[in-house]
Amino acid sequence: MPLVASPDFVETVAQYRPMLWRVCRLYCPASPDDQRDLYQEVVLQLWQAWPQYQGRAKLSTWLYRIALNVAISALRREQRRPASSGLDDAAQELASPGASGPEADELEQLYAAIERLSDVDKALVLLRLEERPDDEIADILGITVNNVRVKMHRALQRLRQLLPPQ
């Protein structure tokens, strides 16, 4: 008999789908296929953990924590694997949907700079872009609020160095 997801779970994933996709986009920037695979893995892990959610943390905090842990674990597994040859730049351009123009270029530059940050700094910047308060970021990452502020300041300094001058 196949397992069926509860309506609450399906509704929650639908509500937080954009946030989950942003995590996947940040940790698998080069490949839409890898992003979809990571998204599926995140949803699977959320589904398996769903019965254990007890409401002690905000739902978004709990979801972020699982999504980021899955993404970072997948990234580390991928880094241990030998590199495979992917699509060349022209084929990749055809395969990836998206906007074009100056705003899309700026967004791509931002993502490229974020990709060069450490795993923790990526998570910090993503959560800041999601406009999460420092106390929630601290809870998601398991660090103090003061540590969030210090790390965020350093991550933003690093981003300024990585981004081209405007």
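With which residue does Asp33 form a salt bridge, and how far apart are the closest N and O atoms? In this predicted model, the partner of Asp33 is Arg36, with the closest N and O atoms 2.2 Å apart, a salt bridge being defined as a side-chain nitrogen of Lys or Arg within 4 Å of a carboxyl oxygen of Asp or Glu. Residues are numbered from 1 along each chain as its sequence is written. Because the model is predicted, local features need pLDDT of at least 70 and side-chain atom pairs count only at pLDDT 80 or more, while totals for chains, interfaces and linings use all residues, and side-chain values use heavy atoms, with hydrogens and water left out.

The chain contains eight helices and zero strands, and its elements, read from the N terminus on, follow the order α-α-α-α-α-α-α-α. Helices (H or I, at least four residues) and strands (E, at least two) are taken as DSSP runs and numbered from the N terminus. Of the 166 residues of the chain, 36% count as buried, where buried means under 20% relative accessible area, exposed over 50% and partly exposed in between (1.4 Å probe, protein chains only). Contact is taken to mean heavy atoms within 4.5 Å; among contacts in the chain between residues at least 6 apart in sequence, 68% join residues at least 24 apart.

An α-helix has 3.6 residues a turn, so residues three or four places apart point the same way. Asp33 counts as partly exposed because its relative accessibility is 47%, and Arg36, with a relative accessible area of 41%, is likewise partly exposed. Helix H2 also holds Glu41, which is partly exposed with a relative accessible area of 29%. Glu41 and Ala67 are 26 residues apart in sequence, and their C-alpha atoms are 8.9 Å apart in space.

In the whole structure, a search finds nine salt bridges, and Arg25, Glu108 and Glu115 are linked in a network of such interactions. Asp134 takes part in a salt bridge with Arg128, whose side chain meets that of Asp134 at 2.7 Å, N to O, and in another with Arg149, for which the closest N and O atoms are 3.0 Å apart. Asp134 counts as buried because its relative accessibility is 15%, whereas Arg128 is partly exposed at 30% and Arg149 is partly exposed with a relative accessible area of 47%.

Two packed helices are described by the angle between their axes and the distance between the axes. The axes of H7 and helix H8 (residues 145-162) come within 8 Å and cross at roughly 95 degrees, and H7 is therefore roughly perpendicular to H8. Here the axes are lines fitted to C-alpha atoms, for helices over the stretch in contact, and angles run from 0 to 180 degrees between N-to-C directions; angles under 35 degrees count as roughly parallel, over 145 as roughly antiparallel, 65 to 115 as roughly perpendicular and the rest as oblique. On the side of H7 the contact is made by Asp134, Asp135, Ile137 and Ala138, and on the side of H8 by Val145, Val148 and Arg149. By class, this contact has four nonpolar, no polar and three charged residues, with Ala, Val, Leu, Ile, Met, Phe, Trp, Tyr, Cys and Pro counted as nonpolar, Asp, Glu, Lys and Arg as charged, and the others, Gly among them, as polar.

The buried residues of H7 are Asp134, Glu136, Ile137, Ala138 and Ile140, and just after this helix Gly142 takes a positive phi of about 70 degrees. Arg132 lies in the loop between helix H6 (119-129) and helix H7 (134-141) and counts as buried because its relative accessibility is 16%. With neighbours within four places in sequence left aside, Arg132 is in contact with Ser60, Tyr64, Leu127 and Ile137.

A search of the whole structure finds zero disulfides, a disulfide being a pair of cysteine sulfur atoms within 2.5 Å. The sulfur of Cys24 is 6.8 Å from the closest cysteine sulfur, in Cys28, which is too far for a bond. Cys24 counts as buried at 0% relative accessibility, and Cys28 also counts as buried, at 16%.
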